[in-house]
Amino acid sequence: MAKAPGIPVRSALAAAVLALLPTAAGAAQINYEVGVGVLQSDNIGLASGNGQDETVVMPQLRFDLLQTGSRLSLNGSGQLQYLDYRDDTFDDDFRGAFSGQALWTLLPERLEWTFEDYLSRQPVDNLAVFSPDNQQQTNLFVTGPTLYLRLGSGTRAQFDLRYSNSYAEETDAFDSDRYNAAARLVRDLATNRTLSANIEATRVKYDDAPIDVDYTRYDGYATYSSRLRTVDFSIDLGYSRLEFEHRAGDEWLPLVRGTLAWRPTARSTLDVAAGYEFSDAAEDMVTSVIGGGQVVIDTPGSPLVPITPEVFKQRRLEAGYEYAGERLGLQVRPFYQRVSYVDSLARDEESWGGYASVSWKLRPRLTLAASAATLDRSFDQLSRRDRDSSVGVSLENQFTRNWSARIDLQRRERDSSEPGQDYQENVAIVSFAYRR
């Protein structure tokens, strides 16, 4: 049976549940923005040649909510957008993005229940341009309890059970059910330092993969974390093992994850994250973050990890610097990643690039901003290399505390060694919004 287009029902239900939970436990801090934008593109389909002009009217809703309570903690953000193609180059469509976590305390310091949902837009074909007809909604829903036991002064045990469901609008092979169990022994070395031993087992069963790729993953690792006044540090060290149903022989891999955040001043932050571990497309979705900037009809380039049921070995390194001054804002974030698949359904990929933005308040209510991004991808089996890049400027005026208008200009392009995959696009957007 064909899947209905648009936002998955389970995602909409999850978002509704997360939004309604605060009514049972007290008022939450809710911010939202309602607006409409008009987009003009000279190559809406990202064609290699003979690009087609299109005007798109885009009403949209953005929101974020936060609640911290003794019984319920809630943190979520998302957006809903309707795209009306005035020249009918593509079918009108709804698009959504959501990231939310709810923590329900059943017994204080003893039993909690977690709900998480991650809704995003991903490509159907990771090798093709990220045009409107090469996009689909994907969703990951996670829920389960956590039990805490106090074993003595400074020592406690933690037991987690999680169920996860992954879904893709077009790629049936991505749909899966996941069952995870974890046991942790945590020792407080000081008020700001902890050491823990962790054992996890995850069973993954796919609904409709082209071959039997179901597997069980076992992780054993130690975690050390430290939180100081200006520095936060955490590292995981251990090993992982994969057991597949469809073939003999296990896969072993060291597990290494680390993060470091340094706040040299009250207005600036420098952070670094690195990892070497097993992962897959569903796990990678959890690390995705919804940005707060202007949403253009297509995200520059394609997401790095294709929506497939395969496990891969992931090497990644990411760094970032952010400064938030009274008038000047600055952000720089380079990265490197290599994905090597255990089986051969997908193609190994190496990617690197970065993002930079700067903003300046010309007047208290008038802000000028500029941004640039680049992404290089190479595919070993295809001898192919793509370079996606974008530059943009925006001017936003805050008429009142609630009302604002904004103009965005953006230039995007791809240079590819694959014939027919190059494109250039110029985009202009005028938008008006009401913020609460």
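How many residues lie between β6 and β7 in their hairpin, and which residue in the turn has a positive phi? Two residues, written as 2 in the count, separate the strands, and G154 in the turn has a positive phi of about 80°. The model is a predicted one, in which local features need pLDDT of at least 70 and side-chain atom pairs count only at pLDDT 80 or more, while totals for chains, interfaces and linings use all residues. Residues are numbered from 1 along each chain as its sequence is written, and side-chain values use heavy atoms, with hydrogens and water left out.

The strands named here are DSSP runs (E, at least two residues; helices are H or I, at least four), numbered from the N terminus. Two strands are said to pair if DSSP finds at least two bridges between them. Strand β6 (residues 135–152) pairs with β7 in the antiparallel sense over 12 bridges, and Y148 has Q158 in β7 as its bridge partner. On to strand β8 (residues 176–190), β7 is joined by 12 bridges, again antiparallel; here S164 stands opposite R178 in β8. Strand β7 (residues 155–168) is largely enclosed by the rest of the structure, because 10 of its 14 residues are buried. Buried means under 20% relative accessible area, exposed over 50%, and partly exposed in between (1.4 Å probe, protein chains only).

A further set of pairings involves β20. Strand β1 (residues 29–41) and strand β20 (residues 423–435) pair in the antiparallel sense over 9 bridges, with E33 opposite R435 in β20. Strand β19 (residues 403–416) also pairs with β20 in the antiparallel sense, over 12 bridges, and R412 stands opposite E425 in β20. The hairpin of β19 and β20 has 6 residues between the strands, and G420 takes a positive phi near 85° there.

Most residues other than glycine have a negative phi. D88, in the loop between β3 and β4, has a phi near 60°, and D88 counts as exposed because its relative accessibility is 62%. E109 lies in the loop between β4 and β5 (111–123); its phi is likewise positive, near 60°, and E109 counts as exposed at 75% relative accessibility.

The loop between β3 and β4 (93–107) also holds F90, which counts as buried at 17% relative accessibility. F90 and P132 are 42 residues apart in sequence, yet 7.4 Å apart in space, C-alpha to C-alpha. In strand β3 (residues 72–85) is Q79, which counts as buried at 17% relative accessibility. Q79 is 18 residues from A97 in sequence and 5.4 Å from A97 in space, C-alpha to C-alpha.

Among side-chain contacts, R257 lies over the face of Y221, at 5.2 Å from the ring centre. A charge sits over a ring if NZ of Lys or CZ of Arg is within 6 Å of the ring centre and within 35 degrees of the ring normal.

The second largest pocket is lined by 13 residues, of which D125, N126, P306, T308 and R347 lie nearest its centre. A pocket is an open set of points on a 1 Å grid over the protein atoms alone, where a 1.4 Å probe fits, with protein on both sides within 12 Å along at least five of seven lines; lining residues have an atom within 4 Å of a point.
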